[in-house]
Amino acid sequence: MTEDELMGLVILSVYGIILIIVAISALLTVIGNWRLFEKAGQNGWYAIIPFYGGFIKHKITFGEANKWLYFISWVFAIYYAYTHFCYVRAFGGSKGLAVLSLFFPGITTLILAFGKLYHEKNYH
């Protein structure tokens with residue numbers, strides 16, 4: 001095995017590990033969103049559908065009146081981060097957990113989904 005082949009194998013291994021981590025994070029996020037959607041009175045399987053799940057997440061966060069603003073979040077990354085921050089706060093998460101959820105969405109979504117933070121009176 002030459003040095004170039006070995007370097008190619010190392011690079012491929014690193015990208016494979018990154019892909020596995022991203023896939024696990026996405027799976028954890030879907031599981032957590034499924035549970036949170038059910039807590040908010042929506043069907044849990046909406047979390048599986050990418051665009052519609054995001055739309056439902058936005059509707060849970062900001063209510064029925066502002067649901068058209070969801071499409072702005074696909075253009076502006078800052079608005080998307082704000083939406084995700086408010087989504088965590090809508091379920092009773094602290095500001096620290098909301099900031100942490102911007103970097104680790106899979107883990108923090110599970111904390112919200114299976115924790116005792118959510119109360120019916122706190123929901124929009």
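I began at the end of α3, where Gly92, just after the helix, takes a positive phi of about 90°. A reminder to myself: this is a predicted model.

**Overall layout.** I stepped back to get my bearings. I counted 5 helices and 0 strands in the protein, and reading along the sequence gave me the pattern α-α-α-α-α. The protein has 124 residues, of which 34% count as buried. I also looked up the contacts with a separation of 6 or more, and residues 24 or more positions apart account for 43% of them.

**Helix α3.** Does the length of α3 agree or disagree with its residue count? I took residues 77–90, which are 14 residues, and at 1.5 Å a residue they should span 20 Å. The end C-alpha atoms are 20 Å apart, so the two agree.

Next I asked which residues of α3 are buried. My list reads Tyr79, Thr83, His84, Cys86, Tyr87, Val88 and Ala90. I then followed what these buried residues pack against, and found α1 (3–39), α2 (50–62), α4 (95–103) and α5 (105–114).

**Helix α5.** Gly106, Thr108, Thr109, Leu112 and Ala113 are buried in α5. Their cover includes α1, α3 and α4.

**The core.** Which residues touch the most other members of the largest nonpolar core? That core has 15 residues, and the answer is Leu36, Phe37, Ile56, Ile60, Tyr87, Phe91 and Leu112. I checked where the members come from: α1, α2, α3, α4 and α5 each supply at least two residues. The helix that gives the most is α2, with 3 residues.

**The surface.** The protein exposes about 8200 Å², and carbon and sulfur atoms supply 73% of it. I also found a nonpolar surface patch of about 1000 Å². Met1, Leu6, Met7, Leu9, Val10, Ile11, Val14, Tyr15, Ile18 and Val22 make this patch.

Val14 lies in helix α1. Its relative accessible area is 45%, so I noted Val14 as partly exposed, the range between 20% and 50%.

How values were computed: Residues numbered from 1 in each chain as written. Predicted model: local features only at pLDDT ≥ 70, side-chain atom pairs only at ≥ 80, totals over all residues. Heavy atoms only, no water. Helix = DSSP H or I, 4+ residues; strand = E, 2+ residues; numbered from the N terminus. Expected span 1.5 Å × (residues − 1). Buried < 20%, exposed > 50% of the residue type's maximum accessible area, 1.4 Å probe, protein only. Contact = heavy atoms within 4.5 Å. Core = buried A, V, L, I, M, F, W, Y, C linked by side-chain atoms within 4.5 Å. Patch = residues over 30% accessible without salt bridge, like charges linked within 9 Å, V, L, I, M, F, W, Y side chains within 5 Å. Areas by Shrake-Rupley, 256 points an atom, 1.4 Å probe, with all protein chains shown as cover. Salt bridge = Lys/Arg side-chain N within 4 Å of Asp/Glu carboxyl O.
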